[in-house]
Amino acid sequence: MKKILITGGAGFIGSHVVRRFVNKYPDYHVFNLDALTYAGNLENIKDIENKQNYTFIKGDIVNESFINNLFSIHHFDGVLHLAAESHVDRSIEDPLSFVKTNVIGTMNLLNAAKKQWEGNFENKRFYHISTDEVYGSLGTEGLFTETTPYNPNSPYSASKASSDHFVRAFGETYGLPYVLTNCSNNYGSYHFPEKLIPLFINNIINNKSLPVYGDGNYTRDWLFVEDHAIAIDLVFHTGKNHETYNIGGFNEWKNIDLVKLLCQIMDQKLGREDNTSEKLITFIKDRPGHDLRYAIDATKINKELGWKPSVTFEEGLEKTINWYLNNEEWLRNVTSGSYKDYYKKQYS
Ligand code: NAD
Ligand code: DAU
């Protein structure tokens, strides 16, 4: 039985990856390591918590001796590293916690994997899950490819860029077998409502204002989270060592157009009159250092590994909105407590 460590598996993307691996690979034992920060939630993976090939471990990747111990006890064969501080707005308020988790945490995992595997890297793999934000901002033209120079603009993207560099450096210097992916904006179920799509769905449900940063003319490339999990599975199993793959949705939307689409769909689903939710749109002070546009060229993963998104944006958004409408209790639970303080600080 292969032992696979997945970090950040109680978060948004991690929960989809853990679910996929536990269900699809009964001959793997999946260890889900997560600190359960504000973004981690065991409710996200409740459906697999009693599976025989699954173990949850609560722990912090910043704790070096804890990580070293964990590797020496379990002798993992593979690591899929998703744990991170992931929200740009929070990184603007508290950059140091992003350095701790995203840079030092990644470093601890790299060191532990190197120590454990040194001398026999065969059939071992360290997979680092990263973001397209490391490339900085595009103008109105062009796409990010795997050779686009790094040019991060936010403390979040700078910390992710730094972790990417360390992963590559461990590959070059010590021969650590790694793969790395840089993905565009995800959306789907279990997405914490601090990010644009779930935040706006929640606010529409509750008739709260929809805070659009600046003029709303910022563009993102949206990918359904389950398609990201499929890509991660494929890269983990068939990606080439020491290679980077970009993953994207071929699906660019200006924020304001996306928000208007959400309003329309939600009005229909909630049985509200046309344009009810659009009236909630409020343009507010822009995010500092706001990147104008992200868009991924996913040709490499498509040509070399045969991946492409399996659902259209229409289908993905429909599934996502339905999920939030059917899981209001989940939404209520994650928006109580500290979320209220965060919201007040960020938007008032
Ligand atoms: P998320 O914020 O939803 O989840 C992060 C998880 O990591 C949480 O469960 C949290 O408890 C855990 N965590 C945080 N700090 C930790 C620590 N010190 N030790 C152990 N666990 C810790 O994030 P997400 O959106 O699911 O993103 C997952 C990964 O994918 C991140 O590395 C992110 O950079 C990357 N990514 C995200 C997107 C996106 O659109 N969300 C796109 C591309 C790449
Ligand atoms: O591109 C991948 C990245 O996508 C991931 O690496 C990050 O972890 C993830 O958070 C996401 O980053 P963004 O900053 O693009 O996502 P966010 O949902 O925060 O914002 C999307 C766009 O919407 C962005 O242009 C800012 C805008 N926005 C966001 C919020 C939260 C608003 O206008 N109002 C808001 O309240």
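Asn275 is partly exposed, at 44% relative accessibility. In this predicted model, the residue sits in the loop that links α8 (255-269) to β12 (281-284). Its backbone stands out: Asn275 is not a glycine, yet its phi is positive, at about 70°. Most residues other than glycine have a negative phi. A second case is Asn123, again not a glycine, with a positive phi of about 60°. Asn123 belongs to the loop between α4 and β5. Its relative accessibility is 62%, above the 50% cut-off, so Asn123 counts as exposed.

Ligand 1 was examined next. The shell around ligand 1 holds 29 residues. Asp34, Asp60, Ser86, Tyr156 and Lys160 come nearest. By class, this shell has 14 nonpolar, 12 polar and 3 charged residues. Four elements, α1 (12-24), β5 (125-131), α5 (155-174) and β7 (185-187), each supply at least two residues of the shell around ligand 1. The largest share comes from β5, with 3 residues.

Polar contacts to ligand 1 involve both side chain and backbone. The side chain of Asp34 places an N or O atom 2.5 Å from an oxygen atom of ligand 1. At Ile61, a polar backbone atom is 3.0 Å from a nitrogen atom of ligand 1. At Leu82, a backbone N or O atom lies 3.0 Å from an oxygen atom of ligand 1. On its own, ligand 1 has 840 Å² of accessible area, and the protein covers 96% of this.

Ligand 2 has 25 residues around it. Those that come nearest are Asp132, Glu133, Tyr156, Arg287 and Tyr347. The shell around ligand 2 divides into 12 nonpolar, 7 polar and 6 charged residues.

Side chains provide several polar contacts to oxygen atoms of ligand 2, among them those of Arg220, Asn255 and Arg287. For Arg220, an N or O atom of the side chain is 2.8 Å from a ligand oxygen. The corresponding distance for Asn255 is 2.9 Å. For Arg287, a polar side-chain atom lies 2.7 Å from an oxygen atom of ligand 2. Taken alone, ligand 2 exposes 680 Å², of which the protein buries 94%. The elements giving two or more residues to this shell are α6 (196-205) and β8 (210-213).

Pockets were then considered. Rolling a probe the size of a water molecule over the atoms shows where empty space is left. The second largest pocket has a volume of about 490 Å³. Its lining comprises 21 residues. Asp89, Glu93, Tyr342, Lys345 and Gln346 lie nearest the centre of this pocket. Two or more lining residues come from each of α3 (88-93), α4 (95-117) and α12 (338-347). The largest share of the lining, 5 residues, comes from α12. By class, the lining of the second largest pocket has 8 nonpolar, 3 polar and 10 charged residues.

Definitions and conventions:
Residues numbered from 1 in each chain as written. Chains lettered and ligands numbered in written order. Predicted model: local features only at pLDDT ≥ 70, side-chain atom pairs only at ≥ 80, totals over all residues. Heavy atoms only, no water. 1 Å grid on protein atoms, 1.4 Å probe; cavity = no way out; pocket = protein on both sides within 12 Å on 5 of 7 lines; lining within 4 Å. Points joined across faces, edges and corners; volume = space filled by probe spheres on them. Nonpolar A, V, L, I, M, F, W, Y, C, P; charged D, E, K, R; others polar. Near = heavy atom within 4 Å. Polar contact = N/O pair within 3.5 Å; in protein donor to acceptor, adjacent residues only side chain to side chain. Areas by Shrake-Rupley, 256 points an atom, 1.4 Å probe, with all protein chains shown as cover. Buried < 20%, exposed > 50% of the residue type's maximum accessible area, 1.4 Å probe, protein only.
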